[in-house]
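Here's a quick briefing to read with the structure open beside you. Have a look around first, then work through the points below.

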Amino acid sequence: MAQNLYGPRVRMGNWNEDVYLEEERMKDFLEKRDKGELLIQRNRRLKENLLRQMQLSISEDGHIHYGDKVILVNPDHPNVDDAVFLGGDLSLCMMPDEIKAHLSDELEVPCGLSAAQTKMPVGRNTFIVMSMDGNADGQVLRYGQNFCLGIQGGFADKMFFLASDHRTLLKSSKKSWLQEVYLTDELSYLNCWQAAFPDPQLRLEYEGCPVQANAKLLLNHCRTNRGLAVHRQLLLSTYFGKEAEVAAHTHLDSHRVEKPKNHWMLVTGNPRKASSTMLELPKPLAEDTRATEQAVGLDTP
């Protein structure tokens, strides 16, 4: 098989044209590098914004308020059915398209979502609790109230909103084919959510009560009446590795109670340590733990 052993420096054939083309490529490369338009430069800026460390709001009264910065965490729960399962506490994160992320340093909408094993507040998982009219900052969020969840993704001049809509043949979640959840830059009724108490027997009693910070709750989409859910058994290859799929679907057990897939916590900041969450605090012992230990003879001096 014949091989081309000649380069631009060998003056044979169209050598002058090859030299000029090489000079144009180098000139174009240097120009893009000076403007910061190289793919590696765009990639680096996007990662810096998405992984920028954020500071969560600190709840002084134990409740969630409009304007608070929180992370949405699906608490860890045991797996008994699936061989492939992503364990641990999973936080709701932005999931930019991998191809589009390499072509631009800006986030394009609609932007996908996933659940990742990261509990540190960064640009891609820090959400802001917002009212639909924008006039309730500082007020307590209550069960049954309409609100929206915004995220900046580390960008100072951007705001994206958690949204969902009825699934169609052309629009659904990637793995489960259920109702899709995504981020958009348009504020509408598709961004409207409600918090509900997880125990159905006490749900009506808690209607109108303040939403507790760092406590389990349900997030229901107002337009479709579907609950925000994590599918830990369905893994996605994202820009940051393997992460779980997020969709809008209410998973009920045999007693018509929402499964742990639909459980969420609005996690606030830790007042004892900067850039950390309340999840890092040690869990207090139950009130009856000491009595139980005494009963079994473990609390002997």
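Take the contacts between residues at least 6 apart in sequence: 67% of them join residues at least 24 apart. Keep in mind that this is a predicted model. The protein has five helices and twelve strands, and 40% of its 301 residues count as buried.

**Overall numbers and confidence**

- On average the pLDDT is 85, with 86% of the residues scoring at least 70.
- Be careful with residues 287–296, where pLDDT stays under 50. For that stretch, the model has four contacts beyond four places in sequence.

**Strand β11 and its partners**

- Is β11 mostly covered or mostly uncovered? It's mostly covered, since six of its eight residues are buried.
- Strand β10 (residues 228–238) pairs with β11 in the antiparallel sense, over eight bridges.
- To get from β10 to β11, the chain takes a hairpin through two residues. Look for T238, which stands opposite G241 in β11.
- β3 also runs antiparallel to β11, and two bridges join them. A115 has A244 in β11 as its bridge partner.
- Strand β7 (residues 179–184) is joined to β11 by two bridges, again antiparallel. Here E180 has A247 in β11 as its bridge partner.

**Strand β9 and its partners**

- Four bridges hold together the antiparallel pair of strand β8 (residues 193–196) and strand β9 (residues 216–221).
- Find L217 and you'll see W264 of β12 standing opposite.

**The nonpolar cores**

- As background, nonpolar side chains in soluble globular proteins tend to be buried together.
- In this model, the largest nonpolar core has 42 residues. Which of them touch the most other members? They are L72, L92, F147, L162, L183 and L228.
- Zoom in on L72 and leave out residues up to four places away in sequence: the contacts are L90, S91, L92, F127, L149, L219, L228, W264, M265 and L266.
- There's also a second, separate core of five residues, and L56, V73, M265 and V267 are among them.

- You'll find H251 in the loop between β11 (241–248) and β12 (264–267).
- Is H251 buried or exposed? H251 counts as buried because its relative accessible area is 13%, and the cut-off for buried is under 20%.
- The side chain of H251 makes a polar contact with the side chain of H231, at 2.9 Å.
- Setting aside residues up to four places away in sequence, H251 touches L178, A229, H231, V257, E258, K259, K261 and N262.

- V109 and P110 are joined by a cis peptide bond, with omega at about -5°. P110 sits in the loop between α3 (98–103) and β3 (112–116).
- N214 isn't a glycine, yet its phi is positive, near 60°. Look for N214 in the loop between α4 (203–206) and β9.
- With 26% relative accessibility, N214 counts as partly exposed.
- R256 isn't a glycine either, and its phi is positive at about 60°. R256 is in the loop between β11 and β12.
- Is R256 buried or exposed? R256 is exposed because its relative accessible area is 61%, and exposed means over 50%.

Methods:
Residues numbered from 1 in each chain as written. Predicted model: local features only at pLDDT ≥ 70, side-chain atom pairs only at ≥ 80, totals over all residues. Heavy atoms only, no water. Buried < 20%, exposed > 50% of the residue type's maximum accessible area, 1.4 Å probe, protein only. Contact = heavy atoms within 4.5 Å. pLDDT = per-residue confidence, 0-100. Polar contact = N/O pair within 3.5 Å; in protein donor to acceptor, adjacent residues only side chain to side chain. Pairing = 2+ DSSP bridges. Core = buried A, V, L, I, M, F, W, Y, C linked by side-chain atoms within 4.5 Å.
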